[in-house]
Amino acid sequence: MTQKPPGLESLPQENVLVKIEEGIAWVTLNRPSKRNAFNPAIVYEMVQVMDVLEMEESARCVVITGAGDAFSAGQDLKEYFREMDAGHPMLRERLYRANSAWQWRRMMHYPKPTIAMVNGWCFGGAFQVLLACDLAVADEEATFGLSEINWGIIPAGIVTKSVAMALSQRKALYYILTGETFDGRTAEDIGIVNFAVPKDQLVAKTTAIAKKLIEKNPNVLRACKTAYHYTREMSWDAAAEYLAAKSDQTKFWDPEKGADKGMKQFLDEKSYRPGLGAYRRD
Ligand code: ACO
């Protein structure tokens, strides 16, 4: 007999608040007085949140945002760096592993679609989360910055790599080397977020995108993400082979047999146009 996974009731709802509405899991980093800087408490709570939401059927899309006027000010300089550097090396190692797990290793391949809703300050380590999410929407007045250079470190974790993948060389090196801040509109121009909107439209825009994702076949959404991330780093021939196998695997394991349904509705029933919208999932 398989054990029931822990549900929403198991979450502390302290450093991270979670609510689910109409299929959207709203995950709010909740240390506004410290601009939602990632301390060990947030890290370990986020690992729990990701575990729970993965198995929570009512959560079809995950939105990450921050309480107050910050998305996140990045890693906590005191609790994540100074205190951990002075402590037991194994505790530091354990924390770093958990941090990279939630911020990008799992986030990038999370089995549900993810959206970063950048509501304010977004610095340093927060870029890991931002760029590991599938999509991102920002307040046009939000402030972004790779501030590591300003206090004498390189953008580590996976920040430099993420930024190099997301931006042109000129833009990436400009922001890495100068630490200059930029706003949400620039973030949209350079492609770090999908859309920048006025603050009062942030939730509505994010909800509209999440609803689009929720309408799609979740099994295929999951496979699309995995295929995108792995094929980026493969040769063309390896990618073609991988995609052929992934495509067959996706159809084989799809509980709702979406491809068969879509084909029947288009070719036989002539009841929808795949170019213009999704098949009926009933
Ligand atoms: N680590 C630890 N504490 C932080 C952090 C952080 N990254 N960011 C903010 N805080 C704390 C401040 O120390 C302050 O605490 P206090 O009230 O106990 O003094 C509180 O949050 C509020 O910060 P202020 O600076 O007073 O807030 P303000 O709104 O004026 O400025 C800003 C916000 C611009 C985000 C500023 O706090 C800042 O520059 N933070 C650091 C941002 C940064 O460089 N992040 C990258 C970290 S390195 C990395 O992620 C790899």
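**Around the ligand, then out to a surface patch**

Sorted by class, the ligand's shell holds seven nonpolar, six polar and four charged residues (Ala, Val, Leu, Ile, Met, Phe, Trp, Tyr, Cys and Pro count as nonpolar, Asp, Glu, Lys and Arg as charged, and the others, Gly among them, as polar). Keep in mind that this is a predicted model, where local features need pLDDT of at least 70 and side-chain atom pairs count only at pLDDT 80 or more, while totals for chains, interfaces and linings use all residues. Residues are numbered from 1 along each chain as its sequence is written, and side-chain values use heavy atoms, with hydrogens and water left out.

Let's start at the ligand. In total 17 residues surround it, and the closest are K34, A73, Q75, G125 and S147 (a residue is near if one of its heavy atoms lies within 4 Å). For K34, a side-chain N or O atom sits 2.4 Å from a ligand oxygen. Q75 brings a backbone N or O atom to 2.8 Å from an oxygen of the ligand, and a polar backbone atom of S33 is 3.3 Å from a ligand oxygen. On its own the ligand exposes 920 Å², and the protein buries 62% of that (Shrake-Rupley areas, 1.4 Å probe). Two elements, α2 (77-85) and β6 (121-123), each give two or more residues to the shell; helices (H or I, at least four residues) and strands (E, at least two) are DSSP runs, numbered from the N terminus.

Now over to helix α11 (residues 258-268), which is where you'll find F266. This residue counts as partly exposed because its relative accessibility is 33%, between the cut-offs for buried (under 20%) and exposed (over 50%), using a 1.4 Å probe and protein chains only. Together, M263, F266 and L267 make a nonpolar surface patch of about 290 Å². Patch residues have over 30% relative accessible area and no salt bridge, with nonpolar side chains (Val, Leu, Ile, Met, Phe, Trp, Tyr) joined within 5 Å and like charges within 9 Å; a salt bridge puts a side-chain nitrogen of Lys or Arg within 4 Å of a carboxyl oxygen of Asp or Glu.

Terms used:
A polar contact is a pair of N or O atoms within 3.5 Å; within protein, one must be able to donate a hydrogen and the other to accept it, and residues adjacent in sequence count only if both atoms are side-chain atoms.
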